[in-house]
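Please walk through this model with the sequence at hand.

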Amino acid sequence: LHRRRALGMLERLLGEALERMPRRHVAQRLALVEQQADTLDAISVYDAVALGRTPWLSALAPFGKEDRAIIEQALADADASHLRRRLWGELSGGERQRVHIARALAQRPQVLLLDEPTNHLDIQHQLGLLRQVQALPVTTLVALHDLNQALTCDRLAVLDQGRLVALGKPEAVLTPERLLGTFGVRGHYLVDPYDGARVLRFRA
């Protein structure tokens, strides 16, 4: 989801019409972590996360002690405190994703949008990032293409050509009929003998 598409899907935010809300107010309530965002600036991780405080700052409310405390908490929630002095250009893909999430958390949003946060990450970092997202202290809306990853969500919405076709608990939504009709694949559930988790197996 591009930023415009992601915001366009949300007609109302916390009971208010999104199009009528000032952009500053939207940024105070909603944060977005895009698939990939980069910079050539030699910016530190701490300063990158501090950018998340921008919607809350003004001439009457300059950067202060409370903002520093929020940044520290955001770094801790994203498991990125140890990266604070590193430069952006020195970070791995997984580390950058954690910093993006910390920056979004520093906005103190009530809703966090993540657009394919595991994209371009190896499997170890994918699993670690998903665990971190599930533990975040905010409501999260995640765009995922990996259906087995989607099974770990509380609720799942399936889009087909931009149209919502199903919404509910993951296993109630990802039925064999839905897999075939929407995704064009045949699939069935298997039970992992290690922990009893149900996983999807696909056939062309």
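**Val-45 and its surroundings**

Apart from neighbours within four places in sequence, Val-45 has Leu-75, Leu-83, Arg-84, Arg-86, Leu-91 and Val-99 in contact, where contact means heavy atoms within 4.5 Å. The model is predicted, with local features requiring pLDDT of at least 70 and side-chain atom pairs counting only at pLDDT 80 or more, while totals for chains, interfaces and linings use all residues. Numbering starts from 1 along each chain as its sequence is written, and side-chain values use heavy atoms, with hydrogens and water left out.

Val-45 also belongs to the largest nonpolar core, which has 27 residues. Such a core is a set of buried Ala, Val, Leu, Ile, Met, Phe, Trp, Tyr and Cys residues joined through side-chain atoms within 4.5 Å; buried means under 20% relative accessible area, exposed over 50%, and partly exposed in between (1.4 Å probe, protein chains only). Val-45, Val-49, Leu-75, Val-99, Ile-101 and Leu-112 are the residues with the most contacts inside this core. At least two core residues come from each of E3, helix H3 (45-50), helix H4 (65-77), helix H5 (93-106), E4 and helix H6 (123-135). Helices (H or I, at least four residues) and strands (E, at least two) are DSSP runs, numbered from the N terminus. H5 gives the most to the core, with 6 residues. A second, separate core of 13 residues includes Leu-147, Val-173, Leu-174 and Leu-200. In soluble globular proteins, nonpolar side chains tend to be buried together.

The strands come next. An open sheet of 3 strands is ordered E3-E4-E5, and the pairing is parallel; two strands pair if DSSP finds at least two bridges between them. E3 and strand E5 (139-143) are the edge strands, each pairing on one side only. On average, neighbouring strands in this sheet are turned by 15° against each other, direction ignored. For such angles, axes are lines fitted to C-alpha atoms, for helices over the stretch in contact, and values run from 0 to 180 degrees between N-to-C directions.

Within the sheet, E3 and strand E4 (residues 111-115) are joined by 4 bridges. Leu-30 stands opposite Val-111, and Ala-31 has Leu-112 as its bridge partner. Strand E3 (residues 30-33) is covered on both faces, with Leu-30 and Leu-32 buried on one side and Ala-31 and Val-33 buried on the other. H5 lies across E3 and E4 and runs at about 170° to E3.

A separate pairing links strand E6 (residues 156-160) and strand E7 (residues 163-168), which are antiparallel over 5 bridges. Here Val-158 stands opposite Ala-166. The hairpin has 2 residues between the strands, and Gln-161 takes a positive phi near 55°.

Two loop residues remain. Trp-88 sits in the loop between H4 and H5. Is Trp-88 buried or exposed? Trp-88 counts as buried because its relative accessible area is 5%. Beyond neighbours within four places in sequence, Trp-88 is in contact with Ala-37, Asp-38, Thr-39, Ile-43, Arg-96, Val-99 and His-100. Trp-88 and Asp-41 are 47 residues apart in sequence, and their C-alpha atoms are 8.0 Å apart in space.

Thr-118 is in the loop between E4 and H6, and its relative accessible area of 9% makes it buried. Not counting residues up to four places away in sequence, Thr-118 touches Gln-126, Leu-129, Leu-130, Leu-144 and Gln-149. The side chains of Thr-118 and Gln-149 are joined by a polar contact of 3.3 Å. A polar contact is a pair of N or O atoms within 3.5 Å; within protein, one must be able to donate a hydrogen and the other to accept it, and residues adjacent in sequence count only if both atoms are side-chain atoms.
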